[in-house]
Amino acid sequence: MRLSRLLVPTTKETPNDAVLPSHIYLLRGGFIQNAGGSGLYNFLPLGKRVLDRVRKVIKEELDKAGCQEVSLSFVTPAALWQESGRYEKYGKELLRFKDRKENEFVLGPTHEEMMVNLVRQSVKSYKQLPLNLYQINLKFRDEIRPRFGLMRGREFLMKDGYSFHTDEADMKREFALMEETYKKIFTRLGFDFRVVEADSGAIGGTGSKEFMVLAESGEDTLAVCDGCDYGANIEAAVRAPKITDTPVPAYEAAEVETPGVATIEEVASFLKVDPHYVIKTVAMRALYNEGKSEIVLFALRGDDTLQEVKATNAVDANALEELDEETLKAAGLVPGYMSPFQEDKSLRVVWDNALKEAYGMVCGADKEGYHRVGVDLRGMEATFADLIEVQEGDRCARCGGTLHYTKGIEVGHIFQLGTRYSEPLGCNFLDENGKSKPMVMGTYGIGVSRLLAAIIEQHHDDRGCIWTPASAPFDVVVIVSNAKEESQTEAAESLYDALKKKGYDVLLDDRKDRFGSKMKDFELIGIPYAIIVGKKLGEGLVEVVKRDGLERSDVLPEDLIKETERYVCFS
Ligand code: ATP
Ligand code: MG
C-alpha cells in the first residue's frame, strides 16, 4: 500500500474532549473519526486494518479451541428480552424502539437471548452438545457517560461467545478452556494483563472472571495480592477476616447520651471504642423492575465501607440510590443515629458477614443524641451477605498476603451462566434417557474495539502510538526521504516489492512531503519499524528505525531483504 493513496488524515491538534493518550493518538493518527454523536466512531482505513489484525488473532485462537463463528441480527426482538426477564432490568443502556408496525425491538447490548433463541430452534439432543458459538459484531449500549474514545463507546465491537452443555461439569471444562484461550489471545496481542475474579452484573450467573489490561487510566479498580496470584475487581474482591488488637468494649447493654456526636469517628472517640465495634447503618433506595423501589438498611462495621455492587446484588436490585435527610426523616429514620433495629419490620435490613456473632457493639439509638452500647448480635437470625469493599492493606483470603489496589481496563469477561437463560427461554435438550433438561451455559466476551484503545494505553510515548507486532496496521513502512531523488524512489520501490514478496504487510511512504513531517507521521501512527531510504544510500545503506524506543541502525539493503527478521522482528 502506498501512503500517497491511503486515506490517513493525521493532525497535529489534540481534539478538545480527548484526555487519554489512546483517544488522542487514535484520532490524531487518522485511525478513527467521531461519527457526530458521543460514543459513535467511524473506522478509517488504518483503524480498520488494526481492527482486522486484532480480529484475526481472536478468530484464530477461538477456532483452534473448537468455537464456531456465526453472525446474529443486531436488531433484536424485544419479546426475547421480555422472555428472559431482562427487558427492564437492563435499564436505560438498552436502546428500545419500534418499527412501522409497532413491533418492539432493542439494539443488542449483548446477545444471550438471541443466541439461546438460535440454539433452542436447532439443537434438540445431547448428541449435538457441547457447542460454542461466537460472533464478532456490533453492540449498542446507551452508556450514561460514553468517553475516552473507543474505550467506552455506545456502539462498539464485541466478540461474544456462548457455550451450551449437558451438565455443569462440561460447562466448567469449557470455561477453563476459554480462560486459557483468552490468555493466549491477550498474550499474542502483546498485553500486560491479569485475570481477576469479577462480579457478574446484569448478565447474571455465578463464577466469572475478567481480563484486565493493567493501565493507570483503567476505569476498574482491582485488588491484587502481593503474596499470591489472587486478584479481583473491587466489586467482587474478598479479604481474610479483619483482626484487631483492641479488645471488645466492656459496656453493659444500655442507651447512652452522645450529644452532637454523629459520625462513626466521633462516636468511637466519644465512647473510647475502636470504630471496628461501632455498627454503621447505611440507608439506600433499592430500585427494582416496574418502577418499584424500597428503602434498605445495610449494616456493617464502622471501619468498613459499603461496596455498592455487592450491596445491589445482596437485595437483587437493579441499582441503589443515596437518600437525602428529608427522605430519611419521612421514613421515620434518624440521620446520624440510625440503627439496623427498626420497629418497622417491613424495612429490609442486610447485615455484613463481618458482623456475624459480634457483641459489645455500639449503634445508633434511633433518637437524636443517643447511642446504644453493649449490643449483642450472638445468635441473631438475620440476612447476612458480603457487603464490604476491600481496602488496601487488607489481608488476602487465600494466602494471608497484603492486598493492594491497581487500575485495569476490562478487555474480556467470561461467565459461568448455568441455566439463567436456558430455563426461562426453554432452551432444552433430550438426554440419553429421553428426559428433557435445560442446557447449561457459559458466556464469553471480548471488547474488540476497546482493545485498540487498551493497546495504545499500554504502548505509546509522547510522540504517538507504538503498535504491538500482532496489532499493527502494517509490519513495516518504507520511507522515501526525498521523493524527488530518483535513486531513493527506485531503491525504496524495490525494497517495498521485495518485502511484500516475503509476505510482509508493507506501507510505502512515497509522499512528496518533507522528511521531517513523514517521520512525525511515522511516530504518530506507530508502525513497529520504518526503513528509511535517504542520503546514506550513497554509501549503500538504508536506516532501520524501531518505533519502540526509536533506535536506529544502518543496514545494507540486500541484508535487509535476506535477513529481514534480524533487523525487523516481525511477529
Ligand atoms: P464495563 O464494566 O466496562 O462497562 P461490562 O462489564 O458492562 O463493561 P460486558 O458486559 O462484560 O461489559 O461486555 C464484554 C466486554 O465488552 C467487556 O469486557 C468490555 O471489554 C467490552 N465493553 C463493554 N462495554 C463497552 C463499551 N461501552 N465500549 C467498548 N467496549 C465495551
Ligand atoms: Mg464485564
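These legends describe close-up views of a predicted model.

Local features rest on pLDDT of at least 70 and side-chain atom pairs on pLDDT 80 or more, while totals for chains, interfaces and linings use all residues; side-chain values use heavy atoms, without hydrogens or water. Residues are numbered from 1 along each chain as its sequence is written, with chains lettered from A and ligands numbered from 1 in the order in which they are written.

**View 1. The protein is divided into three named domains: domain 1 (3–238 + 404–457), domain 2 (254–385) and domain 3 (476–567).** These bounds come from an automatic or database domain assignment. Between the C-alpha centres of domain 1 and domain 3 the distance is 38 Å. At their contact, 13 residues of domain 1 meet nine residues of domain 3. Contact here means heavy atoms within 4.5 Å.

**View 2. The largest nonpolar core holds 66 residues.** A nonpolar core is a set of buried Ala, Val, Leu, Ile, Met, Phe, Trp, Tyr and Cys residues joined through side-chain atoms within 4.5 Å. Buried means under 20% relative accessible area, exposed over 50%, and partly exposed in between (1.4 Å probe, protein chains only). Y182, F186 and W467 have the most contacts inside this core. Domain 1 (3–238 + 404–457) and domain 3 (476–567) each supply at least three of its residues. Leaving aside residues up to four places away in sequence, Y182 touches L62, K159, F211, H413, I414, Y444, G445 and I446. Another core, of 26 residues, lies apart from the largest one; L80, Y90, Y421 and C427 are among its members. In soluble globular proteins, nonpolar side chains tend to be buried together.

**View 3. E410 and H413 coordinate the magnesium ion (ligand 2).** The donors are OE of E410 and ND1 of H413, at 2.2 to 2.3 Å. Donors are N, O and S atoms within 2.8 Å of the metal (3.2 Å for Na, K and Ca); water is not among the atoms, so the site may look incomplete. H413 is buried, at a relative accessible area of 10%. E410 is partly exposed, at 22%.

**View 4. Ligand 1 is surrounded by 15 residues.** A residue counts as near if one of its heavy atoms lies within 4 Å of the molecule. The closest are R141, E143, R152, G153 and E410. Polar contacts are pairs of N or O atoms within 3.5 Å; within protein, one must be able to donate a hydrogen and the other to accept it, and residues adjacent in sequence count only if both atoms are side-chain atoms. The side chain of E410 places an N or O atom 2.6 Å from an oxygen atom of ligand 1. For R141, the distance from a side-chain N or O atom to an oxygen atom of the ligand is 2.9 Å. E143 has a polar side-chain atom 2.8 Å from a nitrogen atom of ligand 1.

**View 5. R141 sits in the loop between β7 (131–140) and β8 (155–165).** Helices (H or I, at least four residues) and strands (E, at least two) are DSSP runs, numbered from the N terminus. R141 is buried, at 17% relative accessibility. Its side chain reaches the backbone oxygen of P109 at 3.0 Å. Beyond four places in sequence, residues touched by R141 include Y90, E93, T110 and F156. The loop between β7 and β8 also holds F148. Phi of F148 is positive, near 60°, and F148 is buried at 17%.

**View 6. Helix α1 (residues 21–28) is largely enclosed by the rest of the structure.** Seven of its eight residues are buried. They are S22, H23, I24, Y25, L26, L27 and R28. Their packing partners include β1 (32–34), β2 (41–43), α9 (448–458) and α11 (515–525). G30 follows α1, with a positive phi near 70°. Helix α9 is mostly covered too, with 10 of its 11 residues buried.

**View 7. The peptide bond from L129 to P130 is cis.** Its omega is near 0°. P130 lies in the loop between α4 (112–122) and β7. A positive phi, near 70°, is found at E102. E102 lies in the loop between β5 (96–98) and β6 (104–107), and is exposed at 54% relative accessible area. Most residues other than glycine have a negative phi, and most peptide bonds are trans.
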